[in-house]
Amino acid sequence: MFGKRLAMLIITVVSLMAVTCVPANALTLNVNGNYLDCYAENGISYTSVRRFAELYGGYDVEWDQGSKVANISGNGLDLDVYLGRYYSVANDRVLMRDGINTSRDGRVYAPVTVLAEAVGARAVWEPSTDSVVVSGGGAALTHGTSYYNSEDLYWLSRIIQAESGGESFMGKCAVGNVVLNRVADPQYPSTVKGVIFDTKYGVQFTPSANGTIYNTPSEESVLAAKACLDGFSRSDKILYFLNPRIAQSNWIVNNKKYMFTIGNHDFYA
């Protein structure tokens with residue numbers, strides 16, 4: 001079972017590397033031979049959700065002004081792009097990059113790689129032409145009920161809630177990254193539940209000892225867990241985090257490499 005999970009993890013990482021390495025100077029977007037307007041910000045290329053969907057037959061696009069959501073439906077896909085948020089939800093899967101869905105000239109823009117993944121296409125960077133090239137697409141994205149391991153989702157959403165329920169969405173994702181980075185590290189247990197309840201070097205996560213791990217997670221904590229399980233990583237190096245204002249031990253600070261701070265948490269490798 002672990003071998004299968006490791007193989008799936010490797011495939012996911014390789015796939016993400018193929019679609020996320022888009023430099024900040026991307027100037028054009030080629031979708032199956034058609035050129036679309038795009039812009040790049042912080043290494044992420046964005047394009048119009050509506051114009052992207054219109055290049056593929058069989059998709060309808062609707063805008064909900066009340067919830068600020070652009071919806072693409074058809075060909076077995078139900079995609080909600082949430083304006084002003086990091087994530088989009090496609091067939092109950094949470095797809096995101098380290099950039100927020102935004103609007104320009106009355107149109108909703110989302111990361112090209114997220115839209116490509118949602119429609120089953122492949123996006124690559126072409127340095128010779130300063131462009132992002134999207135090829136293929138039109139196939140249904142595997143639904144979340146089949147894609148996610150239910151036990152991993154159960155425990156990851158609960159540790160995210162218990163450790164970072166009051167943090168931002170990105171802060172929640174970073175906590176989820178710590179757990180999954182440990183799952184991938186041979187010095188820790190090979191399952192999400194195993195990592196959470198690991199006591200080899202003492203209690204690793206306080207909620208596993210005080211019982212808060214069993215509290216029902218918020219919707220946002222579940223979304224953050226799904227995003228992490230779908231391959232989003234704020235960092236693949238972080239293995240520790242703490243709130244320096246309430247931490248009762250300085251071991252992490254004294255022995256591990258500080259990486260960054262999100263909200264109340266400092267993250268270390």
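Where is Asn-75 found? Asn-75 lies in the loop between strand S6 (69–74) and strand S7 (77–82). This model is predicted.

Asn-75 has a phi near 55 degrees, a positive value in a residue other than glycine. Its relative accessible area is 33%, so Asn-75 is partly exposed.

Asp-105 counts as exposed because its relative accessibility is 80%, and the cut-off for exposed is over 50%.

## Helix H9 and its cover

Helix H9 spans residues 219–229. H9 is mostly covered, with 8 of its 11 residues buried. The buried residues are Ser-221, Leu-223, Ala-224, Ala-225, Lys-226, Ala-227, Cys-228 and Leu-229. Lys-226 is therefore under the 20% relative accessible area that defines buried.

The cover over these buried residues includes two strands, S8 (87–90) and S9 (93–96). It also includes helix H4 (144–147), H5 and H6. After H9 comes Gly-231, with a positive phi near 110 degrees.

## H5 against H9

Helix H5 (residues 150–164) approaches H9 with the axes within 8 Å. The two axes cross at roughly 125 degrees. H5 and H9 are therefore oblique to each other. Their crossing is right-handed.

On the H5 side, the contact uses Asp-152, Leu-153, Leu-156, Ser-157, Ile-160 and Gln-161. On the H9 side, it uses Ser-221, Val-222, Ala-224, Ala-225, Lys-226, Cys-228 and Leu-229. By type, the residues of this contact are 8 nonpolar, 3 polar and 2 charged.

## H6 against H9

Helix H6 (residues 169–184) also packs on H9, at an angle of about 50 degrees and with the axes 9 Å apart. That angle makes H6 oblique to H9. The crossing of H6 and H9 is right-handed.

H6 contributes Phe-169, Lys-172, Cys-173, Gly-176, Asn-177 and Leu-180 to the contact. They meet Glu-220, Ser-221, Leu-223, Ala-224, Ala-227, Cys-228 and Leu-229 in H9. The residues of this contact divide into 8 nonpolar, 3 polar and 2 charged.

## The nonpolar cores

Nonpolar side chains tend to be buried together in soluble globular proteins. Here the largest nonpolar core has 43 residues. Tyr-87, Met-96, Leu-156, Ile-159, Cys-173 and Phe-267 touch the most other members. Helix H6 supplies the largest share of this core, 8 residues. A second, separate core has 31 residues, including Val-31, Leu-79, Val-108 and Val-119.

Which residues does Leu-156 touch, not counting those up to four places away in sequence? They are Gly-176, Val-179, Leu-180, Val-192, Ala-225, Cys-228 and Leu-229. Among them, Ala-225, Cys-228 and Leu-229 are buried residues of H9.

## Ala-162 in H5

Ala-162 is found in helix H5. Its relative accessible area is 27%, so Ala-162 is partly exposed. Not counting residues up to four places away in sequence, Ala-162 touches Pro-207, Thr-212 and Ile-213.

Ala-162 and Pro-217 are 55 residues apart along the chain. Their C-alpha atoms are separated by 7.8 Å.

Note on methods. Residues numbered from 1 in each chain as written. Predicted model: local features only at pLDDT ≥ 70, side-chain atom pairs only at ≥ 80, totals over all residues. Heavy atoms only, no water. Axes fitted to C-alpha atoms, helices over the stretch in contact; angles between N-to-C directions. Helix = DSSP H or I, 4+ residues; strand = E, 2+ residues; numbered from the N terminus. Parallel < 35°, antiparallel > 145°, perpendicular 65-115°, else oblique. Left-handed = near helix turned anticlockwise from the far one by under 90°. Contact = heavy atoms within 4.5 Å. Nonpolar A, V, L, I, M, F, W, Y, C, P; charged D, E, K, R; others polar. Core = buried A, V, L, I, M, F, W, Y, C linked by side-chain atoms within 4.5 Å. Buried < 20%, exposed > 50% of the residue type's maximum accessible area, 1.4 Å probe, protein only.
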